[in-house]
Amino acid sequence: MFRSRSGSWFGGSGSKPKNPHSLEHLKYLYNVMIKNQTVSESNRSLLVESLRSITEILIWGDQNDSSVFDFFLEKNMLSFFLRIMKQKCGSFVCVQLLQTLNILFENIRNETSLYYLLSNNHVNCIIVHKFDFSDEEVMAYYISFLKTLSLKLNVHTIHFFFNENTNDFPLYTEAIKFFNHSESMVRIAVRTLTLNVYKVGDEAMLNFIRDRTAAPYFSNLVWFIGNHIVELDNCVRADADHQSRGRLSDLVAEHLDHIHYVNDILCLSIDNLNEVLVEQLFQRLLLPLYINSLNKGQIQTKSGDRPMVSRVVSLFLLSQIFLIIHHKPLVVTILKLLINFEGNQIMPSGSNHESSVAIEDNITDEEKEQRMSSSTAVSSNSTSNLTSHLETILDCLDPAENDYEALFGLSLLYAMGQNRGVNEDQPFWNTTEWKSILIAKLVLLLTSACQMTSKIRPVTVDLAINLLIAVAIPNPPNHHGLDDKNLAVLEQAKEESIMVARTFFKSEDMFLELFEAEVNEIIKRPLQVEYLLQDSSILLPPTGTPMTGIEFTKRLPCGEVERARRAIRVFVLMRRLSLAISEEVETQLPLVCVQQCIKISDILDLNNSDLIACTVVNREGTRLRRFLVIDPIQLILVEPDSRRLGWGVAKFVGFLQDVEVTGDKDDSRCLHVTVHNSPTSTTFLSDRSPAHRLPQLAARFVFDDHIRCMAAKQRLSKGRIKARQRKMHLIGKILDVNTSTPSSPPPGTLHALRQDSIARTRHALLGRGVPGNLGISAAGTAFPSPFGIRPIVRCSCVLQTSSNNSNPSTFTLVRAPLGVVSHHVIISRSSISSMRIRPNSKILGQV
Amino acid sequence: MSYAYLFKYIIIGDTGVGKSCLLLQFTDKRFQPVHDLTIGVEFGARMITIDGKQIKLQIWDTAGQEAFRSITRSYYRGAAGALLVYDITRRDTFNHLTTWLEDARQHSNSNMVIMLIGNKSDLESRREVKKEEGEAFAREHGLVFMETSAKTAANVEEAFINTAREIYEKIQEGVFDINNEANGIKLGPQHLPSNANTPSGGASASQGGSCC
Ligand SMILES: Nc1nc2c(ncn2[C@@H]2O[C@H](COP(=O)(O)OP(=O)(O)OP(=O)(O)O)[C@@H](O)[C@H]2O)c(=O)[nH]1
Ligand SMILES: [Mg+2]
């Protein structure tokens, strides 16, 4: 860091060459250095500036003039850096020196230049120099310097740093001294450096690392991970009231960092090193702390043993391991221990970890060695009559007073199921006899979740369904693994969920909004177990209050509205499951498919449509001349298309169901129209977006006269009611509620046409006849038995411009099962047609 | 050299957009890009003043570590501010912003201030990304935006300082938990309780030194 800009470069001394980038200038600087070998208050700045200039010339020379490096080498100029450093000259000079070196090594591009710089041992001398590391600035520049050097390592340069004869590798050994430094950035730099070192893959160097440093380094690493976990567990225990969430979430993130770091090392596939790492991890962390904690009551702990952690924490940590680490030797070992219980439990050693929780600074190396060897000793007492870990994990899924443990049991099973290390040819559970027990437990859990008063959180339901699908419905279209009894129970559970949802359908005013919001959430943000397990809030006992800031799906519902949301969510998830089992495609949700809607910039044929001219005045007072078009589901503002008479371009679209319209008491030609931001709208913003609460449109519509204004108001109000009725009717159908059929939309509209086309395709796909009524209600018909077996049909129905643009009123309906076959259906002309102009999109989107 | 706060920044973006040059330009003014010699660095620190308070900025460049997930993860988490840089003369660097942003949002703490930087504004003739596009992207994602040139130093100060100002304001509003150093903010010595008798770095260095 050079804070001061020095006005004249050398305090006005002597005749310096005009060109700052030249050999002459370097020679000149050499003389300056020779004359100022002792650092004093008066020449400090001069020296620092000279070193900086030398660096600049070297970088220039690297790119332009090799004679610069020859001179530098000949005069052994790097030794100046070292000589200055060795004089106790304060952190200011040290920082400047380190920064200069950083810049030098960072910007050198030629390998040869680099060799020149490294060719004598000066750099290693700088590395081992005892800087004042208590100065945070010195520390930061020093570790950055080491990291910069590590980025320059390769099979050639490694020999400048690692001396095979003396078994000396200061770059590495000095750096790992700081692996547990209190500054996170320093720790990260150390980790980066270690990874860069391992990556080089020089055999002699790796042998050195393994023989001389691996055991202590990895054991320290594992030791500190263990400390973190004990702290994490304490945090969970102490925090029944959700008070220290910040700390907890740091600890969870920290654990993930550790595991990712371990995984990054394992992924380098350095067998020598990995063996040591796996051994350390397994014997000193995974077995004694993670695995044995599952059934800790059964293991006699001596007073000196490392404390165990609670079962939820242990399940949680194991899930993270399986999600992140796919290194076969490690995960297979854990898996075997978890599922193949042979009454021969490996016990943790009786080692003395008296003060294992406290981080100690002052234990000697011998003490550490001792501890290490004692803890690697594993006794294999045969201890029968113990519950196996597998039983414990499966028992977590049993109905209990809450789903606290169930969520983690599920996540561990799910994580094991997707781990590449343990499922090489086929999912590991296929080879186990407990697969059917697992399925039965999942079915039972779901049954319980579908009850009105269930204490199972939506996220648990989602995960259970994901797991059931993974276990019971294999990818190739084999027969699913559910027997008739399970199928019947699931069908029953789904019926139950329908019943619960139905009670809210009748009682809840906002049911439509809630329903669409939940459906949208489920579609847009499918459960991702990796993300779920990054969320520390699930480690705390389930709570019902939203005041904790915990997401709705990860807690119990609070109040009537949330109970309705839960009911809807559970129903939609169960519906998904049943469709997955019968290998059917969802055709009814979401209620409005985006492809069916008119979008901004669509060009519409408006001949024969009802158009009402108006002036739209928005909040800022901008006035726009537009035509108002009211489609059965949408409000559209169009501008005439200059190229074709009778056609218009959609400038704004909103859903009628979200429209709020009021008259103006002072102006009978004027309406105030607000289109709220609804979950249906394509531009629906997530809660996180600042624009979330803003309506899509809030404007004044001024019409030509009172009559037109009245007509518009009536059509908007009626349109809103009808749009909502129609959707409620669709939901009613899905929930098997008897509702009176709403009046069908006027024939010949775009809406009807679209529903028609979808109905046709669907029925065609299923090889059935087209039922008489092609209106909306056809699309709303539920399949008779969702649990029946049907062929896989994944299709996307999209409306697309016909390839023949000269006939724009023709629609092509493209069906693309898995994107292979496309099927064109020509639908006859209608009064309003939409033509979508999109560059090179063959298939516009998936339903 | 005492400060009221220390803010840790990271600097991210595609390779070649000028991250290292921006960093050096901000932390060390004496490397003037003369004779087409542009120099960069991956770490730097500098003191600035906001509201009469001394604030130290530490900037960590993350280049070259993308291969290691654990490293990127931790970097994001440890920072209070991030400069997300693209090159206005290369559209692809602009197109990749979404990916960078997703990554940043996923790993960072939710209060991290992200500043979007369109760098190389001196190369107007080769511009591929309009300033308006940068502005629109920033608006859409709630970022602060600025075009800079590490070559002419235009707006470089402002970019780093405005980010600091925003972090500072968040501290004033009480959004940041300043006692949690994992957030990339550190209180200066004068803010620490008086019983802290050891210099902040001392204990840690010996802790690190004792192992291996
Ligand atoms: N004209 C001009 N060139 C610049 C500017 N900033 C950087 N450059 C040039 O762009 C190139 C890349 O700059 P760097 O700072 O190394 O880029 P980086 O983002 O650090 O790249 P990586 O370290 O590979 O991720 C160098 O050749 C610089 O000279 C600028 O503002 N204007
Ligand atoms: Mg760089």
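View 1. Where pLDDT is low, the predicted coordinates should not be read in detail. Chain B as a whole averages a pLDDT of 84, and 86% of its residues score at least 70, while for the complex the predictor gives an ipTM of 0.89 together with a pTM of 0.79.

**View 2. The residues around ligand 1.** The shell around ligand 1 holds 17 residues, of which Thr15(B), Lys19(B), Thr38(B), Asp122(B) and Ala150(B) come nearest. Helix α1 of chain B, spanning residues 19-27, contributes the largest share of the shell, namely 3 residues.

**View 3. Polar contacts to oxygen atoms of ligand 1.** Gly16(B) places a backbone N or O atom 2.8 Å from an oxygen atom of ligand 1, and Lys151(B) likewise approaches an oxygen atom of the ligand through a backbone N or O atom, here at 3.3 Å. For Ser20(B), by contrast, the contact is made by the side chain, with a polar atom lying 2.8 Å from an oxygen atom of ligand 1. Taken on its own, ligand 1 has 650 Å² of accessible area, and the protein covers 77% of this area.

Notes: Residues are numbered from 1 along each chain as its sequence is written. Chains are lettered from A and ligands numbered from 1 in the order in which they are written. This is a predicted model: local features need pLDDT of at least 70, side-chain atom pairs count only at pLDDT 80 or more; totals for chains, interfaces and linings use all residues. Side-chain values use heavy atoms; hydrogens and water are left out. A residue is near a molecule or strand if one of its heavy atoms lies within 4 Å of it. A polar contact is a pair of N or O atoms within 3.5 Å; within protein, one must be able to donate a hydrogen and the other to accept it, and residues adjacent in sequence count only if both atoms are side-chain atoms. Accessible areas come from the Shrake-Rupley method with a 1.4 Å probe; for residues, only the protein chains shown count as cover. Helices (H or I, at least four residues) and strands (E, at least two) are DSSP runs, numbered from the N terminus. pLDDT is the predictor's confidence in each residue, from 0 to 100.
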